[in-house]
Amino acid sequence: MSAALITEPIAEASPLSTANIAGAFYLTSILTGGAAAFVRWRLFQSGDAAATATNILAHAPLFWIVFAADLISILCYVAVTVLFYDMFKPVNKRVSLLTAFFSIMGCAIVAIGCLFHIAAWLVLRGAQYLDILAAVEPLRTVALMCLKLQAQAYNVSLVFFGFYCLLIGYLIFKSTFLPRILSMLMAIAGLGWLTVLSPLLAKYLWPYIAAPGVIGEGTLTLWLLVIGVNAERWKEQASTAGSSR
């Protein structure tokens, strides 16, 4: 059996495998990020520093599980970004690179926000060891402020993820190996995330602005996991892109 016959099936499976792996990472990122957001909502009381401090110190393992879930979600999204860049290069390499840039920037901002998560814990642990109530209360307020700054960092990251979803929608629309209905859903998801550019509008519409993102990104994730991409059309588009250089 020749080497060409051995490598040919692997080459044919490559686009489909990339899509399936990207879908798996995407699903993991969505689930871990969603779980972290839900637990954070239960633990943190935005207007009550004392209650927030009590909840965190009473559920320390859960507090660190939220931190770990955030990190896992970020790392999985980075993996999705790299795989999507490779998958959509045949469509438009420059746009695919720009898309990856927006995603990496969003992930970097979320990662920076995680530092505020750690800072809140360090402040609360310091407050726990202080016996003077007058010193404890301001530290609890500082801890709550750290958590609010983390939330603000997350909101800023949504702007980058909004542009990322819009560009992914464009790449899907221009591709021949994914259905165009996915491009519409991702574009709507991107517009939903971009409402954070108007804080008042985003606050008024929350949590409804999250619905387009969940539907769009969730549908794309399931499509990649269950169906994947049309490998033959991907190879044709990759071949056309390569010959046009």
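Modeller: Here is the predicted model, and we can go through the pocket and then the rings.

Biologist: How much space lies in the largest pocket?

Modeller: About 2,000 Å³.

Biologist: Which residues lie nearest its centre?

Modeller: A37, Y154, N155, L158 and W206, out of 45 lining residues.

Biologist: And which helix gives the largest share of the lining?

Modeller: That is α5, with 12 residues. Others that supply at least two residues each include α1, α3 and α4.

Biologist: What is the lining like by class?

Modeller: It has 28 nonpolar, 12 polar and five charged residues.

Biologist: Back to W206, where is its place?

Modeller: W206 is in the loop between α7 (199-205) and α8 (210-226). Its relative accessible area is 47%, so W206 counts as partly exposed.

Biologist: Rings now. How many aromatic pairs does a search of the whole structure find?

Modeller: The search finds 13. One of them is Y26 with F84, edge-to-face, at 5.8 Å centre to centre and 70 degrees between the planes.

Biologist: Why is the W64 and W121 pair edge-to-face?

Modeller: Because the planes of W64 and W121 are at 70 degrees, and over 60 counts as edge-to-face. The ring centres are 5.7 Å apart.

Biologist: Why does W121 count as buried?

Modeller: Because its relative accessibility is 14%, and the limit is under 20%. W64, at 31%, counts as partly exposed.

Technical notes. Residues are numbered from 1 along each chain as its sequence is written. This is a predicted model: local features need pLDDT of at least 70, side-chain atom pairs count only at pLDDT 80 or more; totals for chains, interfaces and linings use all residues. Side-chain values use heavy atoms; hydrogens and water are left out. Helices (H or I, at least four residues) and strands (E, at least two) are DSSP runs, numbered from the N terminus. Buried means under 20% relative accessible area, exposed over 50%, partly exposed in between (1.4 Å probe, protein chains only). On a 1 Å grid over the protein atoms alone, a cavity is a set of points where a 1.4 Å probe fits but cannot get out, and a pocket is an open set with protein on both sides within 12 Å along at least five of seven lines; lining residues have an atom within 4 Å of a point. Grid points are joined across faces, edges and corners, and a volume is the space filled by probe spheres set on the points. Ala, Val, Leu, Ile, Met, Phe, Trp, Tyr, Cys and Pro count as nonpolar, Asp, Glu, Lys and Arg as charged, and the others, Gly among them, as polar. Rings of Phe, Tyr and Trp (its six-membered ring) pair if their centres lie within 6.5 Å; planes under 30 degrees apart count as stacked, over 60 as edge-to-face and the rest as tilted.
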